[in-house]
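Please look over the predicted model shown here, with its sequence, before reading the notes on selected helices, loops and contacts that follow.

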Amino acid sequence: MIQVLIIEDDVRIAEVNRRFVEKVSGYQVIGIATNQQEAVDQLDILQPDLVLLDIYFPDMNGLDFLSVIKERRSETDVIMLTASKEVDTVVEAIRCGVFDFITKPLIFERLQQTLANYREFRQRVRALQTERGHINQEEIDELIRAAGPNGGRDSGLVKGIDRITLEKVAACLSEAGEVTTEQVRRATGTSRSTARRYLEYLVVTGEAVADLSYGAVGRPERVYKSVKKAKGTAER
């Protein structure tokens, strides 16, 4: 089991994240810390394999706490879960060596894919350590790709993403410029969960951006906008 520590100051969000993580096979949440002192104590005592870390806390900054994690527990990896979408924040997190950076509101399928990538990365490392203890250039390249944000899958498609379905979803988004999961579901004939997974993949690859639309009634709805369409409109 991959043991996870969640560091999040909002207890309700932390509980949602815990349930999401434990829905993924092979993962166990061993602690939840809501402030800096709890985070330090649980990091030292529980010695987690993976930390899910927010950025903004009343008593600390998550980016600063990354260095604390590396100093006290260098073998622990980090996935940032945060509402921050500032370019400098994302770049700094990547430079500090986070395995991935996921924006809120958290979509389960996006987290599930990242956790699958992380599990695969750990399995590769363990296999290399137990089989030979040394590594060649091809294997080094594989590990670097696997350890990058979103598993380093910047060339080719990630597991669970079919090219034909992706092209249908991308075409739907490009034509409309702005869509919801339900609109894509109807246009492509897929399920809501499938439509959402492919739209989130387009967000990850930079072809779309996601935002929340607040209607008059009910919960806010996630809306996906085509990056190319937005750029074309701005240029005109």
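## A buried strand residue

Val51 is buried, having a relative accessible area of 0%, and belongs to strand β3, which comprises residues 50-53. Its C-alpha atom is separated by 9.8 Å from that of Ile32, a residue 19 positions away along the chain. As the model is a predicted one, these values, like those below, describe computed coordinates.

## Helix α1 and its two sides

Helix α1 runs over residues 11-22 and thus holds 12 residues. From its first C-alpha to its last it reaches 16 Å, which is close to the 16 Å expected at 1.5 Å a residue. At the start of α1, Asp10 places a side-chain oxygen within 3.0 Å of the backbone nitrogen of Arg12.

Which residues of α1 are buried? They are Ala14, Asn17, Phe20 and Val21. Because these residues cover an arc of only 120 degrees around the axis, they lie on the same side of α1.

Helix α2, made up of residues 36-46, packs with helix α3, made up of residues 62-72, at an angle of about 20 degrees, and their axes are 11 Å apart. An angle under 35 degrees counts as roughly parallel, and α2 and α3 are therefore roughly parallel to each other. The crossing in which α2 passes α3 is right-handed.

Gln47 lies in the loop between α2 and β3, the strand that also contains Val51. Most residues other than glycine have a negative phi. Gln47, although it is not a glycine, has a positive phi of about 50 degrees.

Asp162 has its place in the loop between α6, which spans 137-147, and α7. The relative accessible area of Asp162 is 37%, so this residue is partly exposed. How far apart in space are Asp162 and Tyr198, C-alpha to C-alpha? The distance is 9.0 Å, although Asp162 and Tyr198 are 36 residues apart in sequence.

## Helices α7 and α8

Helix α7, residues 163-176, packs with α8 at an angle of about 120 degrees, the two axes being 10 Å apart. That angle makes α7 oblique to α8. As for handedness, α7 passes α8 in a right-handed crossing, and a right-handed crossing is also what is found where α2 passes α3.

Thr188 is found in α8, which covers residues 181-188. Since buried means under 20% relative accessible area, Thr188 counts as buried at 18% relative accessibility. What does the side chain of Thr188 reach at 2.7 Å? It is the backbone oxygen of Val184. The side chain of Thr188 also makes a polar contact, at 3.0 Å, with the side chain of Thr190.

Terms used. Residues numbered from 1 in each chain as written. Predicted model: local features only at pLDDT ≥ 70, side-chain atom pairs only at ≥ 80, totals over all residues. Heavy atoms only, no water. Helix = DSSP H or I, 4+ residues; strand = E, 2+ residues; numbered from the N terminus. Expected span 1.5 Å × (residues − 1). Buried < 20%, exposed > 50% of the residue type's maximum accessible area, 1.4 Å probe, protein only. Arc of directions from axis to C-beta. Polar contact = N/O pair within 3.5 Å; in protein donor to acceptor, adjacent residues only side chain to side chain. Axes fitted to C-alpha atoms, helices over the stretch in contact; angles between N-to-C directions. Parallel < 35°, antiparallel > 145°, perpendicular 65-115°, else oblique. Left-handed = near helix turned anticlockwise from the far one by under 90°.
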